[in-house]
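Please read the points below with the sequence and the coordinates open beside them.

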2 protein chains.
Amino acid sequence: MTSGYATLTDRFARIATVGEASAILGWDAATMMPAGGGAARGDQLAVLAGIAHAMLTAPETGEALAKAEATPPEDAWQGANLRLMRHSYTRATALPADLVEATARANSACEKVWREARKASDFAMVRDKLAEVVGLARQAAQALSPVLGLSPYDSLMDGYQRGVTAADVEPVFDAYEAFLRDALPRAEEIQAAKPAPIRPAGPFSADRQEVLCRELSKAAGLDYDHARLDRSAHPFCGGIPSDIRITTRYNEDDFTQALMGVLHETGHALYERHLPHDYARQPVGEAAGMAAHESQSLIVEMQACRSDAYLAWLGPKLQATFGGEAAAYAPDNLAGIWRRIERGFIRVEADEMTYPAHVILRFRLERALIAGDLAVADLPGAWNDGLHALLGITPPNDARGCLQDIHWYDGGFGYFPSYTLGAMAAAQLMAAARRAVPDLDGELARGNLGALQSWLATHVHGQGSRLGFNDLLAAATGKKLDPSDFTAHLTSRYL
Amino acid sequence: MTSGYATLTDRFARIATVGEASAILGWDAATMMPAGGGAARGDQLAVLAGIAHAMLTAPETGEALAKAEATPPEDAWQGANLRLMRHSYTRATALPADLVEATARANSACEKVWREARKASDFAMVRDKLAEVVGLARQAAQALSPVLGLSPYDSLMDGYQRGVTAADVEPVFDAYEAFLRDALPRAEEIQAAKPAPIRPAGPFSADRQEVLCRELSKAAGLDYDHARLDRSAHPFCGGIPSDIRITTRYNEDDFTQALMGVLHETGHALYERHLPHDYARQPVGEAAGMAAHESQSLIVEMQACRSDAYLAWLGPKLQATFGGEAAAYAPDNLAGIWRRIERGFIRVEADEMTYPAHVILRFRLERALIAGDLAVADLPGAWNDGLHALLGITPPNDARGCLQDIHWYDGGFGYFPSYTLGAMAAAQLMAAARRAVPDLDGELARGNLGALQSWLATHVHGQGSRLGFNDLLAAATGKKLDPSDFTAHLTSRYL
């Protein structure tokens with residue numbers, strides 16, 4: 001180990017430890033904090049972010065990097081770690097401090113107005129604020145582009161999922177659009193020919209839902225010596241690998257959201273939990289990106305836990321918990337509820353077949369916004385036209401159209417593709433796991449995700465960020481991202 | 001405002017904000033964190049402490065101090081703030097980094113062994129570790145002494161309660177010992193002549209206790225938009241002024257500990273909540289010290305909430321909550337339970353009359369340890385002799401003797417006097433509040449601490465650290481610390 005490299009691992013470990021503090025404080029703000037603590041919490045997170053940024057961008061970091069890079073790495077992990085450190089330093093130092101500050105201020109102001117605009121379904125209310133946010137995001141993209149050697153939009157995507165570009169995504173999304181044009185009407189026809197599923201009769205006590213959620217997440221592999229499950233307005237997986245905090249919310253009329261939400265967050269949690277311990281607090285020890293992360297939540301929620309095998313195990317458990325007629329909990333009936341295809345306006349409510357259409361729409365629009373090919377004022381029209389072209393429906397208003405997601409209004413451009421790349425990777429990894437794990441369905445039929453998770457721990461989680469997204473998939477499945485496993489999964493499940 | 005001063009307020013605000021993050025993380029560790037998060041949490045707190053320490057001791061702090069001190073302060077608050085900044089800087093820079101590190105390591109190691117030694121009631125197990133801790137504390141005291149212009153022991157006391165020295169405490173404690181020699185047997189005689197109180201019959205559900213605790217703390221003035229009440233192994237008041245976290249534990253056989261504990265922590269919480277907002281995150285905006293803080297918990301718990309007037313209001317409320325026979329909840333009967341005098345071995349279980357004896361014992365012993373007049377090996381004997389001289393009883397073993405408190409084994413020397421100085425100050429402040437607030441007992445008889453807290457907010461809480469302990473008392477009550485109000489209170493309540 002070179003002395004420059006040792007300096008770097010110390011420094012990045014300290015930066016990561018400050019980030020851990022912020023992660024717990026962020027969880028607390030969403031779950032525990034009384035409303036009156038909000039202003040001080042904002043200051044605390046800003047000060048910690050400032051401290052971490054200063055540690056990362058300090059001249060000493062650059063000097064240690066140069067020194068370490070002059071020595072050949074001891075192994076692939078060290079080499080990857082060093083490249084990721086350089087990447088992190090390059091991104092952080094590329095943005096002038098005044099741009100970072102102006103962006104934080106503009107994003108925060110825009111997000112506040114967006115909440116009101118969405119309530120009022122009035123895009124005009126937030127248009128100017130969004131224009132400012134887009135302008136600053138374009139400046140950031142321009143600043144990052146030359147130092148990363150990526151196009152401006154790709155520079156923003158790189159902030160969420162390294163190693164994937166718009167040029168990779170575009171043909172995949174175009175092909176999916178073509179698949180959907182054929183598959184969606186057929187799936188709808190097949191679905192319409194079946195009897196409508198019976199809704200289990202509520203109410204479903206939140207406390208019982210919570211006990212069940214805890215049990216299912218345990219059966220899926222979550223170790224509560226290193227995790228908590230709490231309630232928040234929006235479900236998320238937070239905390240740190242040795243102290244994971246997942247959340248959900250409970251609707252006493254319908255347990256779907258809580259149950260599937262917890263299984264989804266459990267997938268994220270297991271990824272964090274199984275990251276390579278030897279590289280904890282190092283860039284190479286982190287998850288491989290947002291698309292990779294989403295693949296892990298979706299392989300649990302969509303691939304494993306909405307499978308026939310798992311539903312056959314889950315149905316009786318649900319009936320034992322909530323009572324009511326057995327027919328409502330029959331696996332076929334649950335599948336009818338939880339695998340229902342529907343052309344809708346809202347991304348977060350979408351089924352797995354139409355979900356990518358929502359993402360494709362946003363990917364195309366945000367690319368155009370960042371390229372300057374679409375004016376913010378023209379966004380609502382472009383949104384409605386785009387959704388109509390993809391799904392044949394037109395939102396009745398902007399609240400159910402271009403105002404529905406927080407991402408852009410909070411400055412998040414380049415994130416949306418991760419959702420669908422993750423869904424595709426989940427199908428690809430599941431197919432590989434099925435080949436590798438004998439009787440995976442038999443395991444799922446006992447509610448046991450252990451064999452699947454053990455395979456993922458080796459081939460995905462334990463790899464940290466050593467490999468890029470496509471190389472990770474190639475090492476695990478024998479090929480780079482290939483959407484045919486996803487369309488094959490949809491075909492098998494719906495057609 | 002001088003530019004040096006502005007630099008300092010910014011810097012101290014950032015240091016305090018890092019401290020706020022640590023405060024919330026500390027609360028989380030005691031209430032929410034799964035066991036598996038402990039190691040990482042230790043790292044997070046150590047890194048944040050290191051960052052705050054580095055910001056405080058940086059040469060830039062010294063330069064800004066020198067510059068600001070060259071300009072006359074704008075007002076008394078600024079002057080006091082500057083003096084406190086200097087004091088903080090002086091303390092932090094006086095200790096060599098290797099001593100700080102060795103102390104942290106030794107304290108942590110000793111505390112771990114102490115837990116085992118206390119279980120086994122075997123002082124010999126921890127003797128050498130404690131000797132090391134005492135040795136390092138003596139070194140710290142020697143290093144602080146010349147720069148603070150205080151004796152070594154006073155330098156340690158100064159870390160908990162500025163402006164009070166052993167020379168102030170000694171005559172007060174000697175006089176109390178004399179008072180107790182006469183008062184305790186008389187109080188015991190009076191108590192023995194009364195019928196034994198009836199214990200309310202349990203069990204008392206923890207959930208009901210919690211609802212009641214929340215209600216009582218609200219009635220005492222705690223605003224839950226800026227506070228939480230949770231459960232932890234040891235009750236405490238944590239968090240920050242705009243986001244206070246109090247905790248307690250529930251024993252389903254007896255609600256005394258939870259109820260009185262929450263009222264005690266509520267007193268601490270109200271102090272924090274009413275600190276001067278204009279000086280938030282500045283040294284002058286902090287509480288005036290640990291004795292001052294304890295005065296605020298005890299004025300609520302001991303002075304207000306164990307008064308006849310308050311018990312008359314509380315009794316029916318308890319009966320409505322827990323049911324059972326009315327006689328057990330009669331104010332006189334509750335007074336018989338909650339104002340019971342008893343010579344015991346354990347400080348934290350002691351009544352308000354014998355509690356100071358436990359503190360006097362520890363004050364004398366820790367002074368002798370720091371002065372080098374008492375060898376660690378001789379501590380158990382000195383303890384037993386000292387307790388016998390004060391209370392006429394001898395502990396049956398070291399677990400109930402010199403091993404009972406964590407303080408010394410964790411490196412805390414100079415803290416113990418604060419408990420009794422606080423109890424005395426509470427009586428003195430209550431006497432002054434009674435003179436200033438018409439019909440204070442009438443308010444207490446309605447469970448209302450508003451008038452008392454409003455007086456305290458003006459005369460204590462809102463003063464922050466502008467005044468030292470004695471000057472604060474003098475401004476609020478017309479005289480420096482005067483134990484006669486405390487003995488008058490005891491005489492009136494017990495004799």
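This is a predicted model: local features need pLDDT of at least 70, side-chain atom pairs count only at pLDDT 80 or more; totals for chains, interfaces and linings use all residues.

1. How the copies are related.

2. The interface between the chains. The contact between the copies involves 29 residues of chain A and 29 residues of chain B. On the side of chain A that touches chain B, at least two residues each are supplied by α1 (3-31), α2 (38-57) and β1 (227-231) of chain A, and α1(A) gives the most, with eight residues. By class, that side of chain A has 16 nonpolar, six polar and seven charged residues. Since 100% of the interface residues of chain A are also interface residues in chain B, the copies meet through the same surface.

3. Domains within chain A. The domain assignment divides out domain 1 (1-94) and domain 2 (158-495) of chain A, and the C-alpha centres of these two domains of chain A lie 29 Å apart. Their contact takes 19 residues from domain 1 of chain A and 15 residues from domain 2 of chain A. On the side of domain 1 of chain A that touches domain 2 of chain A, the elements that give two or more residues are α1 and α4 (76-94) of chain A, with the largest share, 12 residues, coming from α1(A). The residues on this side of domain 1 of chain A divide into 12 nonpolar, six polar and one charged.

4. A helix pair in chain A. Helix α14 (residues 355-371) and helix α16 (residues 417-436) of chain A have axes that come within 8 Å and cross at roughly 140°, and α14(A) passes α16(A) in a left-handed crossing. The contact is made by Y355(A), P356(A), V359(A) and F363(A) of α14(A), together with P417(A), Y419(A), T420(A) and A423(A) of α16(A). By class, this contact has seven nonpolar, one polar and no charged residues.

5. A helix pair in chain B. Helix α4 (residues 76-94) and helix α6 (residues 123-148) of chain B pack at an angle of about 145°, with their axes 9 Å apart, and here α4(B) passes α6(B) in a right-handed crossing. Helix α4(B) contributes T90(B), R91(B) and A94(B) to the contact, while α6(B) contributes A143(B), L144(B), V147(B) and L148(B). The contact of α4(B) with α6(B) has five nonpolar, one polar and one charged residues.

6. Leaving aside residues up to four places away in sequence, L369(B) touches V134(B) and L374(B). L275(B), by contrast, is 94 residues from L369(B) in sequence and 36 Å from L369(B) in space, C-alpha to C-alpha.

How values were computed: Residues are numbered from 1 along each chain as its sequence is written. Chains are lettered from A and ligands numbered from 1 in the order in which they are written. Two residues are in contact if their C-beta atoms, placed from the backbone, lie within 7 Å. Helices (H or I, at least four residues) and strands (E, at least two) are DSSP runs, numbered from the N terminus. Ala, Val, Leu, Ile, Met, Phe, Trp, Tyr, Cys and Pro count as nonpolar, Asp, Glu, Lys and Arg as charged, and the others, Gly among them, as polar. Axes are lines fitted to C-alpha atoms, for helices over the stretch in contact, and angles run from 0 to 180 degrees between N-to-C directions. A crossing is left-handed if the near helix is turned anticlockwise from the far one by less than a right angle, and right-handed if clockwise. Domain bounds come from an automatic or database domain assignment.
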